Amino acid sequence: MSGGDDILTVSALNVAYGESKALFDVNFRVGPNEIVACVGRNGAGKSTLLKCIAGFLKPASGSIMSNATSLVGIAAYAIAGMGIKYVPQDKKVFSDLTVRENLELGSYASKDYDWTQVTEYFPKLKVLMDRKAGFLSGGERQMLMIGRAILGRPKLLLVDEPTEGLAPSIVGQLREVFRDLSKGTALVIVEQNLPLVCAIANRVYALNEGRIMAELAGHESIKPENCERYL
Amino acid sequence: MNVLRWWWSLVLTFALLALLRVFVPLPFANEIMIFSIYTVGCNFLLGRVGFISFGQPAYLAVGAYAAAFYFYYFGTNPYVGILIGVVAGIGVSLAVGPLFVRLRSDYFALVNLALAVIIYYFMQKVLVDITHGDNGLWFLTNLSSTPVLDLTRPDEFFVFALLVGFVVWAFYKYLDDTIYGACCLGSKINEDKLKFLGYNNYSIRLVAFVIANTTTALAGAMYAVYLGFVSPEITSPTRAADPVIVTILGGVGTLYGPIVGAIAYTGMKDVLSKVLGNWELVIGFLLVFIMLAGEKGIWGTLEPLLLKAFRRAPAPGAAGESKVGGR
């Protein structure tokens, strides 16, 4: 696949928190309809990479391109407006707003008022519409956050640790959602759940101490034992 | 059904305020109405956007002095004076807002206080030739009578203030129920989360700033018409905390908190000042008590109790009926 077709191309990316460098010359790409996973230990720089792509961190050097448009220096809200949505790790929703109001916020921003796909993926949200998001369980919050992010059918979804602390049944549900979503949206998933990664990812980047240590592509290479080496 | 509930709560509130006129002296009722409108902007900033402002007297003074200059130097129509006060409020908010809303909440509070101090000294010293300094501008006799509602008559002014209050509260209630209202609350809770969705926090805050301070300027212009007099005391730094106190007293972020807070504050000031030299001391202790009791304020505490008492039967999915922020 040529680089020009890629939804996202990250080249020689360096990111630092003050004096402390977090990413070193990271090269990374995501093609259309691909599910790309980032694995690595805590502190490897996975979340930093996502935040940088989403516009919440400014890189020290390097480039982040999406369909020939540089994302470096663009405000986070504008990047979201370009169809690159970020689902953070913290599972913090707008707790004082109802599920419906949370989705309305997503709808208004993306000008997509059709919630059919959201409620098909997460039927439970239908019965929780009038509940304040602060009273949702961790899994329900994750459903809401992903549901809100997929409104407007983004071209790229950045998801940080989506299954952390969730029940296995919800993890299974998310796996199917990610698979189905990838038919129209490319995904970058930061995840430590290797069975999930191996089940859905088309490509895996292994990070360690801010560096890409390996790129695994194809179902033959993407196996838990190959990924485990980097955890 | 929701529309009916929406309107009935407003109609009932303002009907009760109209009844207030029967039980309290007219100046007291007028003061409550103006103070309520003065506070509602502060309540919106604090309760919705999470910005505490100790500079509301600055915007009150902008509205009051804009109207006062018109009455003293140019014209006599009270409605035109109020309109000029509102336009001045929009102008000043748009001039300083782009700079102020970039600041963190604590610095925002202080920079607004600084603006109040600057305007105070400008009106008292720098522009003394046109403001007459501490003596103020007197223009009560300049005001002309107007048809339908004659604002030079205190009783008709009260009706006007009630109507203006109704429109203002309907507008804020409407804002609460819009996506923009949810965005404001989202900006208060976590601005990063709004950015994930594609919203620009700066624009949200700037619009909130202009709306809130224009409402405050409206109160200032009404104050000028009602009293027929404006002096730098209106923007005195010693009164900078008044709207914040009334907001907390009534219940931060609640729709009717500013009205309840204004009644409580003005009432205590009126009653206590007759028997106590240092009536502010009581307010101070009351604020400490409110903070320790859960920060809900008078209306924030009463509203759920009243809803419980008046609800005939619990509706299914009742949690969803409570609007954003419990307003």
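Visitor: At what angle do helix α7 and helix α10 of chain B pack?

Guide: Two packed helices are described by the angle between their axes and the distance between those axes. In this predicted model, helix α7 (residues 154–176) of chain B packs against helix α10 (residues 201–227) of chain B at about 175°, and their axes are 12 Å apart. Angles over 145 degrees count as roughly antiparallel, and α7(B) is therefore roughly antiparallel to α10(B).

Visitor: Which residues of α7(B) and α10(B) make the contact?

Guide: On the side of α7(B) they are P154(B), F157(B), F160(B), A161(B), V164(B), V168(B), F171(B), Y172(B) and L175(B). From α10(B) come I211(B), A212(B), T215(B), L218(B), M222(B), V225(B) and Y226(B). By class, the residues of this contact between α7(B) and α10(B) comprise 15 nonpolar, 1 polar and no charged.

Visitor: How do the axes of α11 and α14 of chain B cross?

Guide: The axes of helix α11 (residues 242–250) of chain B and helix α14 (residues 297–310) of chain B cross at roughly 20° and come within 2 Å. Angles under 35 degrees count as roughly parallel, and so α11(B) and α14(B) are roughly parallel to each other. In this pair, I248(B), L249(B) and G250(B) of α11(B) meet G297(B), I298(B), W299(B) and G300(B) of α14(B). The residues in the contact of α11(B) with α14(B) are 4 nonpolar, 3 polar and no charged.

Visitor: Let us turn to the two chains. How many residues does the contact take from chain A and from chain B?

Guide: Chain A contributes 22 residues and chain B contributes 22 residues. Together the two chains bury about 2,100 Å², of which 70% lies on carbon and sulfur atoms. Of the area that chain A buries against chain B, Y77(A), F94(A) and L105(A) supply 29%, more than any other three residues.

Visitor: Which elements give two or more residues to the side of chain A that touches chain B?

Guide: They are α2 (76–81), β6 (84–87) and α3 (99–110) of chain A. The most comes from α3(A), with 6 residues. By class, the side of chain A that touches chain B has 12 nonpolar, 2 polar and 8 charged residues.

Technical notes
Residues numbered from 1 in each chain as written. Chains lettered and ligands numbered in written order. Predicted model: local features only at pLDDT ≥ 70, side-chain atom pairs only at ≥ 80, totals over all residues. Heavy atoms only, no water. Axes fitted to C-alpha atoms, helices over the stretch in contact; angles between N-to-C directions. Helix = DSSP H or I, 4+ residues; strand = E, 2+ residues; numbered from the N terminus. Parallel < 35°, antiparallel > 145°, perpendicular 65-115°, else oblique. Contact = heavy atoms within 4.5 Å. Nonpolar A, V, L, I, M, F, W, Y, C, P; charged D, E, K, R; others polar. Buried area = accessible area lost by both parts, 1.4 Å probe.
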